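Hi,

Here is the structure I promised to pass on.

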Amino acid sequence: KVEVDATKPLVTIQPTMYGIFFEDINFAADGGLYAELIKNRSFEFEYPWMAWKHLPEAETRFNTQNELTIYNNSKGNPNNPRVVRVDKRDEKKSLGLQNEGFDGIGIKKGEKYDFSALARLNRGSISLLVEILNSKDQVIGSTVLNLLGSNWQKIEGVITATDTDPKCKINVFFKGAGQLDIDMISLFPQDTWKGRKGGLRKDLVQLLADLKPGFVRFPGGCIVEGRTLAERYQWKKTVGKIENRQQIVNRWNMEFKHRPAPDYYQTFGLGFFEYFLMCEDIGATPLPILSCGLACQFNSSEMQPLEELDPFVQDALDLIEFANGGTDTKWGALRAEMGHPAPFNLQMLGVGNEQWGEEYFERYAIISKAIHAKYPNIKIISGTGPASDGELFEQAEKELPKLNAQIVDEHYYKEPQWFRDNATRYDNYDRNRYKIFAGEYAAQSSAVASPENKNNWECALSEAAYLTGLERNADVVYMTSYAPLFAHVNRWQWTPDLIWFDNLTSFGTANYFVQKLYANNAGTKTIGIKSNGQNLTGKDGLYGAASVDEKSNEVIIKLVNTSADAQRIDLNISGLGVKTNGKVISMVEKDLKNYNTITEPSKIVPTESVISIEKGKTMLTLEPYSFKVYRIKK
Ligand code: AHR
């Protein structure tokens, strides 16, 4: 027997309760969400020719007639100095460059692609023949571009593809004779999110929008910190003109395994402006996380001296001005110049990612004090390090209240059993202390980041069970997000991940659908759901949470059955009309080891049915290993 009391709303569920954690890991940004199809478009990788081939291969190496060289235009563009110089002396011979994309370029038949480059013609007459080749080396679209004048200019053309192929390449041939300089060679689908030129991959943003997330945390994760302080994420270097954004190697470039040199860079084409814009598009509160002056503590002990923290403090203050300041302020003016005069309504930011120890608390104290002195209403997120228990965690729990921490970020990457056992974690948390942001969590079916570590149903179901406890404690838990968010099926560094994609398609894991069901059915206030006067916290494998949605006047009940047996439930809801209707959204899967894949993306997906209830009473069956959401009109 389960009793739900819809007559007494208990605590408010924050609109930020279910959100997104975005980090550029697993090629989530470049080669993923950021729809640029050319890898190393401005030749700034450590090896400038990485991802590029000279054409024709055999002839160009010792050819002094037709040459491709790289030179440093450091005066012209100090952030992005390398430029390709094309010396074409023999008009009759072919000369060109080929880009391999991110393990191939995903191209769709009938779609239009925007090619562009920055170029100047120093002498002679050279035009560009741009071709897309499929994996059989057949040309499936091309365009010819002419160059005028010796000033840097953006040349652009549109290519319509006649074939679909995930592994295309692009050729850029230089026709005629003379000398030209070329940089920022770029190819984007026109069919991006909201059709924005140079924008984001539509299918991936759509998956995020469908979650209806309360917030988006960005840009990480460890990339906030960097392996060294120099390699930390510096938001100021990610705004303004794309060609002036200075690239750095990604912290998740893994020891160059199987590769001659690093090939995972951050071009910052997806920078802070684009993150803010995406948040606005999908109705999510932006939550930027900033470096606190400590490099990733897993990689190094490099830290900014306390007396030299000013640039870090200033970065935080300027970011608030960039997001919220008037267009008459320095950073607000830049936002306007980039196309968004209205403020982005930044309300919260994080100081440090997953940092710990005295060195964190000292730096956090200085930065948070300065932020609140100027912007008292900005909510600050603090970290507790990588563990959700143990010495470091206890230290954070002790020290953070002394620093008036407001919302504290806890991370847990644990086995599924831990999630089932910890649905009561926040039941006894101190109500007078800070609020909780469960900022990174995911059940691990095997070792973290191993190929065997799958997004299987046991993990997703255990997370569903755990989330009942977070929702029940919505007066303490203000925010939650699964991590990591994205992974390319062939280029990942971490498992499991919420959404997987290849060069053409994408899919949500079972965990994604659990997140979606929670975020789409949060409700506005919790209500009691009990069996024999007790919360449903795992007895006989049964977990439950309930809420009301005061806007739609509905009762929402979430029930999770983690046991191998079906459960018959005699449900009694007080506060319902005599005859009411609603819907049931179900996730049921017999095999706990099953998971969705890129070729079978719909093995575990929710299904919907209707329900009618008389006098608030009904009998329900929860199948073995099932998660159900009931939305019933009051
Ligand atoms: O989500 C992957 C990594 O896990 C994050 O970058 C970091 O914060 C945590 O250690």
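How many Å separate the centres of domain 1 and domain 2, taken over C-alpha atoms? The answer is 57 Å. Bear in mind that this is a predicted model.

On the domains themselves: domain 1 is made of 2-12 + 525-633, domain 2 covers 52-189, and domain 3 takes in 196-228 + 270-481 + 516-520.

Next, the helix packing around α4 (residues 310-324). With α5 (residues 330-337), the angle is about 45° and the axes are 7 Å apart. The crossing of α4 past α5 is right-handed. On the α4 side, Asp318, Glu321 and Phe322 make the contact, and they meet Trp331, Gly332, Leu334 and Arg335 of α5. Sorted by class, that contact has three nonpolar, one polar and three charged residues.

α4 also packs with α6 (residues 358-374), at about 35° and with the axes 9 Å apart. Here too, α4 makes a right-handed crossing. Phe312, Val313, Ala316 and Leu317 of α4 touch Ile366, Ile367, Ala370, Ile371 and Lys374 of α6. The class count for this contact is eight nonpolar, no polar and one charged.

Finally, the ligand. Around it you will find Glu23, Ile25, Gly220, Gly221, Cys222, Asn353, Glu354, Pro386, Glu440, Ala483, Pro484 and Trp494. That shell splits into six nonpolar, three polar and three charged residues.

Cheers

Terms used
Residues are numbered from 1 along each chain as its sequence is written. This is a predicted model: local features need pLDDT of at least 70, side-chain atom pairs count only at pLDDT 80 or more; totals for chains, interfaces and linings use all residues. A residue is near a molecule or strand if its C-beta atom, placed from the backbone, lies within 6 Å of it. Ala, Val, Leu, Ile, Met, Phe, Trp, Tyr, Cys and Pro count as nonpolar, Asp, Glu, Lys and Arg as charged, and the others, Gly among them, as polar. Axes are lines fitted to C-alpha atoms, for helices over the stretch in contact, and angles run from 0 to 180 degrees between N-to-C directions. Helices (H or I, at least four residues) and strands (E, at least two) are DSSP runs, numbered from the N terminus. A crossing is left-handed if the near helix is turned anticlockwise from the far one by less than a right angle, and right-handed if clockwise. Two residues are in contact if their C-beta atoms, placed from the backbone, lie within 7 Å. Domain bounds come from an automatic or database domain assignment.
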